[in-house]
Amino acid sequence: MVSVVHALPDSGIDDATLTRLVEGLTEEGAERLMQAVGFARQLYGDGKVGTGETAFEHGIGAALVLSSLNLDLDSRLAALLFAAPDFLEHAREKMSAQWGEAVAALVDGLYRLKNLRPLTSSAQANAGGQAEILRKMLLALAADIRVVLIRLASRTQTLRWHTDHDTPERLDIARESQQIYAPLANRLGVWQIKWEIEDLSFRFTEPATYKRIAKMLDEKRLEREAFITAAVARLKEELAKSGIPDAEVYGRPKHIYSIWNKMRKKDCTFEEVYDVRALRVVVDEVKDCYTALGLVHALWVPIHGEFDDYISHPKGNNYRSLHTAVQSEDGRAFEVQIRTHEMHQHSEMGVAAHWRYKESGTSGRADSAYDDKIAWLRQLLSWRDEITDSAVWVEQFKRAALDDTIYAMTPQGRVLDLPKGATPIDFAYRLHTDIGHRCRGAKIDGQLVPLNTPLKNGQQVEITAAKTGGPSRDWLSPGYLVSSRARQKVKAWFAALQEEEMLANGRAWIIRELQRDGAAQSNHEELAHKLGFKNTEAMFLAAARNEIGQRAVQAAVQVEPLVPVEEPGILTHRAKAEAGSGQILVVGMDKLMTQLGTCCKPVPPDAIAGFVTRGRGVSVHRVECANFRNMVARNPERVIEATWGGQQQSIYACDIHVEATDRQGLLRDISDVLSKEKVNVTAVKTQSKAGVARMAFTVELGSAAQLQRILAILAEVSGVFNVGRG
């Protein structure tokens with residue numbers, strides 16, 4: 001160990017500071033650190049960091065914080081040389097050659113975290129969820145967790161410097177420190193840094209409140225210290241008499257931010273904060289805790305409602321201790337915490353995950369594996385003094401990187417957490433389900449990449465999305481989606497698409513059957529109930545799955561069975577309607593079963609003709625129908641004349657084809673037109689290629705006049721250049 005170190009010439013540092021800087025190092029380590037001080041002094045000169053502080057002053061301050069944590073030589077060297085990449089060309093290679101690869105890697109890691117400064121200081125970091133993700137991202141980006149500890153020391157030095165320099169940005173730095181760095185220090189169990197960051201940040205964000213509480217503390221500091229000293233001596237004496245001579249009893253300091261936080265949460269005054277004066281008792285066994293509690297309550301008067309037994313009933317994070325508040329003879333209240341050495345170790349840096357209790361606003365979704373790694377890191381901090389071989393400790397720190405989660409950014413600076421191995425498609429679905437469905441390409445850090453490229457920590461991802469469309473079935477193949485949530489969304493999309501197609505097919509089948517049975521005007525809701533379905537959708541889906549037969553539909557609409565007539569190949573039917581009430585009249589025949597051709601879908605007053613089918617009556621087509629002409633060419637003897645009856649059918653199926661320049665909202669605009677005209681759409685088919693959208697609509701119309709009106713209105717829709725009948 002080094003006890004005395006003399007200042008280097010022109011370093012601007014006194015002997016006492018240098019002694020603190022090398023505390024805990026070997027003589028060889030101290031000498032090496034002194035060389036780094038001289039190197040940094042010469043390299044930085046009067047150069048400054050972004051806040052206005054000189055780089056050399058900042059490096060010394062950060063190294064002193066690490067020295068107080070008893071961190072290793074490499075960490076202190078990296079803190080001193082943190083700004084080397086800004087002052088030295090090819091810094092990584094030169095640093096590695098002169099100070100070793102370990103130091104160069106730490107400095108490089110610090111520089112990477114420095115580049116996150118615009119993110120952590122942005123307004124987005126004010127949101128609780130984003131602040132939590134950013135804290136985890138800081139941990140994940142550090143391959144060696146010492147980088148994060150050095151970053152915390154650097155932020156502590158920045159806040160110290162701002163106490164003497166009133167700069168415009170210090171309020172933003174203080175808020176960022178409260179939201180990102182203080183919880184991070186708490187999470188890693190570095191309590192002294194946490195408390196200092198909280199107090200200094202609070203000093204800048206709430207200056208009036210800070211000064212008021214500080215004044216009240218200072219006014220009673222001597223009196224409070226004397227009171228605690230007397231209480232400690234009195235309790236130690238009673239514990240020794242009761243057979244607990246080895247108990248540790250000491251005053252527990254209360255920080256300004258912590259006092260204010262308790263006043264705010266409990267809505268109480270400064271005088272009502274019992275733990276402004278506080279004792280902590282640490283004993284060997286659990287039974288000694290309750291013995292000590294009995295002595296405390298015998299010496300002083302317990303305050304009603306201020307006792308908590310977290311030993312019998314631990315907190316959700318497994319925190320265990322006895323908390324009580326008592327009142328002395330002169331009326332002064334104070335708090336006492338009693339626990340065993342094991343409980344104390346557990347609460348301070350064990351697996352109790354104390355940060356969940358303190359950070360009450362954070363999400364409770366952190367998994368146990370992540371918590372275990374945090375606990376490991378905190379234990380490593382406490383083991384530092386117990387491990388004689390520092391190389392073992394350093395290797396353990398390197399292995400403790402939190403790499404279970406990937407943290408990637410949008411171009412706007414929003415940070416998203418994703419499972420390890422996630423791809424740009426996972427990223428798109430994490431942004432929004434609709435963006436995921438329409439994802440067609442991606443850029444990572446400005447470079448186009450395949451959609452199955454695994455993402456890495458800290459990368460910026462930009463998604464290219466189509467105006468319309470859905471996911472590809474290829475995405476369900478291995479390598480495209482890692483997130484189970486994203487895979488479920490893709491599967492749900494295809495399931496919904498399949499159901500829509502089944503609904504359209506089932507509806508079309510029902511309409512055809514009703515037309516065939518001369519009951520096209522039947523109410524679909526009534527038909528569904530007659531067939532035993534709760535609604536029309538259930539009926540259409542059953543029809544698409546072939547769960548409904550023709551005879552079931554005939555029976556539901558009360559149509560009698562077909563019987564043959566004198567002429568072979570022509571069927572008639574008995575119905576309540578007379579011949580004159582039919583929709584289509586076939587020349588020379590009475591009560592003849594007819595059906596509209598599904599290929600051309602004739603609508604009054606189209607010129608029509610009939611074609612005698614085998615077993616299904618007369619099929620009626622438009623005279624210009626291509627299918628009809630082919631049938632006529634093969635069997636001209638089956639053609640018969642047909643005309644529209646006096647009472648025409650009120651609803652006819654018809655196909656409308658639309659071609660238009662593809663754009664966002666095109667389908668919506670066309671659907672609005674059909675809706676305003678009260679046209680029922682039974683099926684839709686769309687295809688977009690080379691910027692041209694081709695759409696086919698099957699609609700129900702009452703007449704050709706209505707059809708012509710619809711076609712004219714559709715032609716006026718923006719982007720439509722061709723519209724016609726199918």
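Student: Which residue is the bridge partner of Glu 659 in β21?

Tutor: In β21 that partner is Arg 694; a strand here is a DSSP run of type E with at least two residues, numbered from the N terminus. This is a predicted model, in which local features need pLDDT of at least 70, side-chain atom pairs count only at pLDDT 80 or more, and totals for chains, interfaces and linings use all residues. Residues are numbered from 1 along each chain as its sequence is written, and side-chain values use heavy atoms, with hydrogens and water left out.

Student: Why are β19 and β21 said to pair?

Tutor: Strand β19 (residues 652-661) and strand β21 (residues 692-701) are joined in the antiparallel sense over 10 bridges, and pairing asks for at least two bridges found by DSSP, so the two strands pair.

Student: What makes β20 and β22 the edge strands?

Tutor: The open sheet has 4 strands in the order β20-β21-β19-β22, with antiparallel pairing. Each of β20 (680-689) and β22 (720-725) pairs on one side only.

Student: Why is Arg 280 called buried?

Tutor: Its relative accessible area is 11%, and buried means under 20%, against over 50% for exposed and partly exposed in between (1.4 Å probe, protein chains only), so Arg 280 counts as buried. Arg 280 has its place in strand β2 (residues 278-283).

Student: With which side chain does that of Arg 280 make a polar contact?

Tutor: The partner is the side chain of Gln 337, at 3.0 Å; a polar contact is a pair of N or O atoms within 3.5 Å, where within protein one must be able to donate a hydrogen and the other to accept it, and residues adjacent in sequence count only if both atoms are side-chain atoms.
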